[in-house]
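Visitor: I would like to go through the charged side-chain pairs in this model. Please take me through them one at a time.

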Amino acid sequence: MEQKLALTLQKCKTIRHLKQTHLQILVNGLEDSNFLATKLMPLSSDFISLEYANKLFQCLPEPNLISYNTLIRCSIGKSDMIATSVYNRLRRLDVLPNSFTFTFLLGCFESFRKFQYGEMVHGHVLKMGFLSSLFVVNTLLDFYAKCGGNLGFVWKLFDEMLERDVVSFNTMIRTYMNYGEIDSAIRLFESMPERNLVTWNTVVSGLVKGGNMELANKVFESMPQRNSVSWNAMISGYVKKGDLRSAKDVFDEMPERSVVSWTTMVSGYAMAGDIESARRIFNHMPIKTVVSWNAMIAGCVNSHLFDEALSVFHHMLIDGKCKPDQTTLISVLSACTHLNSHEHGKWIESYIRKNKIELSLPLGNALIDMFAKCGDLENSKIIFQKMSQKCIITWTTMISGLAVNGHSREALKLFDSMCLEGLEPDDVIFIAVLSACTHGGLVEEGERIFHQMVHKFGIEPRIEHYGCMVDILGRAGRIEEAMRFIKTMNLEPNAVIWATLLSACKIRGNKSLSESSLIIQKILEQEPNNPSYLKLITNLRSTAGQRLDEVDFRLANRNQGTDKVPGCSSIQVGESVHEFVAKDTNHPQRGEVYGALRSLNKHMMIT
């Protein structure tokens, strides 16, 4: 019966099937079987939980060494506490460990970076005479190499090994590469009595990681045989260097391409902004994974081809072979945000709910940002409240969303709530809060927040913080005070600061200060060819009746060839994305657009 139930356990693919088989074990009175327990615990750990597997182990009246080792192995990457507890019980009951016990323990502690626990195991290995086991010492070497052990100590352990094999050498070479000791790694590589494919790949990958593509290519060309890891390492290295031509040459030379090879090329072209080439490679892929789709979508987003990103996502859903993951949805939400496509964004949020996708921090933050920038503060707040965990970015996004939608006082209340919860604000969130004060004309609150930032939280103001304060004071008409504030700055005011003040002068009609030309002089000293600032200066002087200066500035602007880049915006209406450029004469509905604009201008003048 044991053998029959063991075969049934091997066929288990679902939790339900596993629990039914477990019930059969209990019905047949085999719950004390170590043989079945070693089959049942790994499945329980994978399908249900490690705690469930631990309960099975605790019910064994006399667990044997294989049962101990099985549960320790199940703990790798899941719980160092359970692994430690099981090992301590083993020692307490005088059950003698074997080499597997120590290798599984070290694997568990390595997954949690428990350096001191590994040192404890090392002591037990030494005490119990397992240093003669090459298997155990190789695992120790790997543990110290990966857990930040001193390079000298790793080398000492390697040097004192009674026996070494190719695994020992590979670990030491990889360690040298990770520490940037390229010459030492190459010397050890050349001294090896024998090498395997992993050895060659370790050297190539290490050189690629260090950016030494010339030497990596030399080693690659010398390889007696290669596999997909070798080829992909070279492609990845060239892509990171931005040498797409060499990457494509290696890709074309490959005898057999894996999905990783194809995806790396798609990602490389996409990162370089060559979406056409990325699309061509992508379309030729025999098999696509979710990572491949993500590379294409992210490439479109990074190249500001937001409608194209939504189109790729649409085709992904139609294809149906890969389900969107969190990375997919975050990229698509970014496209929706830039297109101000509330309809698509709402659909994504609905998709997340229907498919019970975890609302992780990055995904929740992206949803809050999308809804806020689309003007849907209600849904933005709902997502914010639903998030079980919130980081500083979550609070910053929500505060910024409230600010840009005109809810400045609510943004300040939210900031105060965050501080009361004990979350330490950073310099970025203070930019959002000060911007809220700017939008709401909250001068006293802005001064309080700035003072709080500097004196309570000890944050050194950045130029953006100073810019917000100048804007707050300028918009309130406190031009002289803004000027005094600028003089107290710990940083050299840049052209943005001066232009902000100049704009305030224009809006408030403060001719006495604008006529002094101090601000204009500062702007021209720092950015004499910036067309936006030149336009601001000419308009201000034109308003003041200084026609000659205006002409001089316009001539200077034209002669220096610094034409202002026209503003551009886009919006999605139905299935189409419409782009608008300042003074656009090419849009097919330009007559209706300009007609509506004139009507709005007249309405604003009346009100």
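Visitor: How many salt bridges does the count come to?

Guide: Keep in mind that this is a predicted model. A pair counts when a Lys or Arg side-chain nitrogen is within 4 Å of a carboxyl oxygen of Asp or Glu. By this rule, the number of salt bridges is 20.

Visitor: Which residue meets aspartate 142 in a salt bridge?

Guide: Start with the helix: α9 covers residues 134–146. The N to O distance is 3.3 Å. The partner is lysine 146.

Visitor: Is aspartate 142 buried or exposed?

Guide: Buried means under 20% relative accessible area. Aspartate 142 has 19% relative accessibility, so this residue counts as buried.

Visitor: What is the distance between the closest N and O atoms of arginine 257 and aspartate 252?

Guide: These two side chains form a salt bridge. Arginine 257 is partly exposed at 32% relative accessibility, and aspartate 252 is partly exposed at 40%. Their closest N and O atoms are apart by 4.0 Å.

Visitor: Where does glutamate 444 lie, and where is arginine 478?

Guide: Their side chains meet in a salt bridge, 3.8 Å from N to O. The pair links distant parts of the chain, 34 residues apart. Arginine 478 sits in the loop between α29 (463–475) and α30 (479–487). Glutamate 444 is in helix α28, residues 443–456.

Visitor: Is glutamate 444 buried or exposed?

Guide: The cut-off for exposed is over 50%. Arginine 478, at a relative accessible area of 27%, is partly exposed. Glutamate 444 has 52%, so its class is exposed.

Visitor: Which residues do salt bridges with shared partners join into one network?

Guide: Arginine 478 and glutamate 444 form a salt bridge. Shared partners bring them into one network. Its members are Glu444, Glu447, Arg478 and Glu481.

Visitor: What percentage of the residues is buried?

Guide: Aspartate 142 counts as buried. The chain has 607 residues. Buried residues make up 45%.

Definitions and conventions
Residues are numbered from 1 along each chain as its sequence is written. This is a predicted model: local features need pLDDT of at least 70, side-chain atom pairs count only at pLDDT 80 or more; totals for chains, interfaces and linings use all residues. Side-chain values use heavy atoms; hydrogens and water are left out. Helices (H or I, at least four residues) and strands (E, at least two) are DSSP runs, numbered from the N terminus. Buried means under 20% relative accessible area, exposed over 50%, partly exposed in between (1.4 Å probe, protein chains only).
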